[in-house]
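Take a slow walk through this protein chain. Keep the sequence beside you and look up each residue as it comes.

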Amino acid sequence: MACSSSTTLLSNSLHINQITIQHVSPIVSLNRKLPIYSKKPLKLSTTTTTTTIPFASGSAGVESPLLSEDTSSSLDLVKVFDLEGNGIPISDLWKDRKAVVAFARHFGCVLCRKRADYLASKKDIMDASGVALVLIGPGNIDQAKSFAEQTKFKGEIYADPAQSSYEALRFVSGVLTTFTPKAGLKIIELYMEGYRQDWKLSFEKDTVSRGGWQQGGIIVAGPGKGNISYIHKDKEAGDDPEIEDILKACCS
């Protein structure tokens, strides 16, 4: 993601330059009865308060066979929690096996529920190749349990309350990566398919405290702690990569 001292928005040929968003930020949803407001200053990214982002991403993400040394070192310190509350070093999830690891935006996210189904639909192929399917979400263990109960996700689910894995992998975060025309259209399509946002989970402290602006991604890793062969970093909400690319990386 390119960053600069100004934020540039392009919508219907209207250009607005040098916009800095602070203080109160409304979160708009399809459910008009449930507007919420962030009580903390809004940050457009994890490192800067302004960023330049194209509304319509021309790419499905970033795929790379390598991680930087800094990222690998940061991942060594990350711990996630299973549904029983046991802390596990994240790299142990792929130390002795290959795994497809999906990182959700948050456990209430309607787009993430679609991603969970999208990956689970290919679990038989992963199973045949000895590949584990894992989903990690930023939030607490109770939220992860609720997600598991609601989605019946066929893979393993872990919580990352500190969002340490997201920071280590440098997944993007920001309001302009969340509210895009492409994401909005995808949400409408999902509602028409019968998917629903869990507003209770979406409005809980662990999500609201960061504004719900976090984006996720997908990696293929293992066996071996430092063996990450595929990385997709969402550029905006709902930025799913092609499933064929994931299967090629994990199961070919």
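This is a predicted model: local features need pLDDT of at least 70, side-chain atom pairs count only at pLDDT 80 or more; totals for chains, interfaces and linings use all residues.

Start with the charges. The whole structure holds 8 salt bridges. One of them joins Glu156 and Arg97, whose closest N and O atoms are 2.9 Å apart. This pair links distant parts of the chain. Glu156 sits in strand E9, while Arg97 sits in the loop between strand E6 (87–89) and strand E7 (98–103). They are 59 residues apart. Glu156 is partly exposed at 27% relative accessibility. Arg97 is partly exposed too, at 26%.

Now find Asp240. It forms a salt bridge with Arg115, and here the closest N and O atoms are 2.6 Å apart. Asp240 lies in the loop between E11 and helix H10 (243–251), and Arg115 lies in helix H2 (residues 110–120), so the pair ties together parts that are 125 residues apart in sequence. Both Asp240 and Arg115 are buried.

Asp127 and Lys123 meet through their side chains, at 3.0 Å from N to O. Both lie in helix H3 (residues 123–128). They are 4 residues apart, which is about one turn of the helix. Asp127 is partly exposed, with a relative accessible area of 44%. Lys123 has 18% and counts as buried, because buried means under 20%. Salt bridges can also share partners: Arg115, Lys186, Asp234 and Asp240 are joined this way into one network.

Next, look at Gln215. Where does Gln215 sit? Its place is the loop between helix H9 (205–208) and strand E10 (217–221). Is Gln215 buried or exposed? Gln215 is buried, with a relative accessible area of 0%. The side chain of Gln215 makes a polar contact with the side chain of Arg105, at 3.1 Å. Gln215 also touches residues from other places in the sequence, including Tyr166, Phe171, Thr178, Asp234 and Ala237.

What about the cysteines? A search of the whole structure finds 0 disulfides. Cys109 is buried, at 1% relative accessibility. Cys251 also counts as buried, at 19%.

Move to the surface. Leu185, Ile188 and Met192 form a nonpolar patch there. Together they have about 340 Å² of accessible area. Ile188 belongs to helix H7 (residues 181–193). Ile188 is partly exposed, with a relative accessible area of 41%.

Finish with the backbone. Most residues other than glycine have a negative phi, and most peptide bonds are trans. Lys152 has a positive phi of about 55°, although it is not a glycine. Lys152 is found in the loop between helix H4 (141–151) and strand E9 (156–159). It counts as exposed, at 62% relative accessibility. Arg170 has a positive phi as well, near 60°. Its place is the loop between helix H5 (164–168) and helix H6 (175–178). From Gly222 to Pro223 the bond is cis, with omega near -10°. Pro223 is in the loop between E10 and strand E11 (228–233).

Methods: Residues are numbered from 1 along each chain as its sequence is written. Side-chain values use heavy atoms; hydrogens and water are left out. Helices (H or I, at least four residues) and strands (E, at least two) are DSSP runs, numbered from the N terminus. Buried means under 20% relative accessible area, exposed over 50%, partly exposed in between (1.4 Å probe, protein chains only). A polar contact is a pair of N or O atoms within 3.5 Å; within protein, one must be able to donate a hydrogen and the other to accept it, and residues adjacent in sequence count only if both atoms are side-chain atoms. Contact means heavy atoms within 4.5 Å. Patches are made of residues with over 30% relative accessible area and no salt bridge: like charges are joined within 9 Å, nonpolar side chains (Val, Leu, Ile, Met, Phe, Trp, Tyr) within 5 Å. Accessible areas come from the Shrake-Rupley method with a 1.4 Å probe; for residues, only the protein chains shown count as cover. A salt bridge is a side-chain nitrogen of Lys or Arg within 4 Å of a carboxyl oxygen of Asp or Glu. A disulfide is a pair of cysteine sulfur atoms within 2.5 Å. Lists of a residue's contacts leave out its neighbours within four places in sequence.
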